[in-house]
Amino acid sequence: MSEWLVLAIAMVLGCALVLAFTTIRHRRVAEEEDTSETPDVMEYMTMMVGVVYAIVLGLAIAGVWEARSAAEDSVRREAQSLYEVTQRADVYPEAVRDRIRGEVDAYVAHTVSVDWPRLTSGQNLSDEGAALLAKLRTDVTHQAPATELQAQTYQPLLDHIASADDARHSRSSEQTLPGVVWFGLLTGGVVTIGLIFTLQIRKSGRELLLAGLFTALIVFLLFLVWSLDAPYGRDGVDSAAPFQDLFPAAAQALGAR
């Protein structure tokens, strides 16, 4: 199911529940109940709860956004490091150069077509990807430089492979926010929306519209946190775009799946 469809359904259900509860409450309100005024203390408490929840929600959005940005930077670093390996290998003889580039292409194709779907579905990375990268490192390490130019390129090649390996180990399918934070966000959202009923809203079109829009906003912000809480996305391989941009063979491997 598309994330946008999930968002639309959640917003519609949230607004429908609020409007339905408002209508039911208005029908059951006692005739002697005065709904013309709201106590000042109630308005103050509603405002304070809303402000506190807005701060917590803002911090949650900032946290998951930072984690998403860090993940994107890590992917770019890994892809760029491997691309540099393929380019710097040009100083080696043709047979060695082709073998190194072939091993890089095999690793990238496996990463995009196998590891990335596992990553976005919440599974651990496969051991085959680590084995492919280890094989690349071993081949480059055991390739003794035969010329001065190869000697100057040898250490940078190992550094780029180490950088790619470090970026690979930083990949994780774990969510950024712990469960207790999600409990607080969801509970706070329910409480914040529920407090609008303490203001004794009536059945006027303007009040119902504002209540519905407020509910839709809370649902959208919670959905935004949920969507960004997966640093590499929740479906597809869009976050692997740097690999596909720098290595066309990776895009072909993905299309063959």
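Biologist: Where is Ser239 found?

Modeller: Ser239 sits in the loop between helix H7 (205-228) and helix H8 (241-246). Helices here are DSSP runs of H or I with at least four residues, strands are runs of E with at least two, and both are numbered from the N terminus. A word on the source: this is a predicted model, in which local features need pLDDT of at least 70 and side-chain atom pairs count only at pLDDT 80 or more, while totals for chains, interfaces and linings use all residues. Residues are numbered from 1 along each chain as its sequence is written, and side-chain values use heavy atoms, with hydrogens and water left out.

Biologist: Why is Ser239 called partly exposed?

Modeller: Buried means under 20% relative accessible area and exposed means over 50%, with partly exposed in between (1.4 Å probe, protein chains only). Ser239 has 22%, so it counts as partly exposed.

Biologist: And why does Ser113 count as buried?

Modeller: Its relative accessibility is 16%, therefore Ser113 falls on the buried side of the cut-off. Ser113 lies in helix H3.

Biologist: What makes the link between Ser239 and Trp116 a polar contact?

Modeller: The term needs a pair of N or O atoms within 3.5 Å; within protein, one must be able to donate a hydrogen and the other to accept it, and residues adjacent in sequence count only if both atoms are side-chain atoms. The side chains of Ser239 and Trp116 are joined at 2.7 Å, so the pair qualifies. The Ser239 side chain also reaches the backbone oxygen of Tyr232 at 2.9 Å. For Ser113, the side chain reaches the backbone oxygen of Ala109 at 2.6 Å.

Biologist: Which residues is Ser239 in contact with, leaving aside neighbours within four places in sequence?

Modeller: Those are Val75, Trp116 and Tyr232, where contact means heavy atoms within 4.5 Å.

Biologist: Trp116 again! Which residues touch the most other members of the largest nonpolar core?

Modeller: Trp116 is one of them, along with Leu82, Ile100, Val108, Leu136 and Phe243, in a core of 29 residues. Helix H3 gives the largest share, eight residues.

Biologist: How many helices and strands does the chain have?

Modeller: Nine helices and zero strands. Of its 257 residues, 38% count as buried.

Note on methods
Core = buried A, V, L, I, M, F, W, Y, C linked by side-chain atoms within 4.5 Å.
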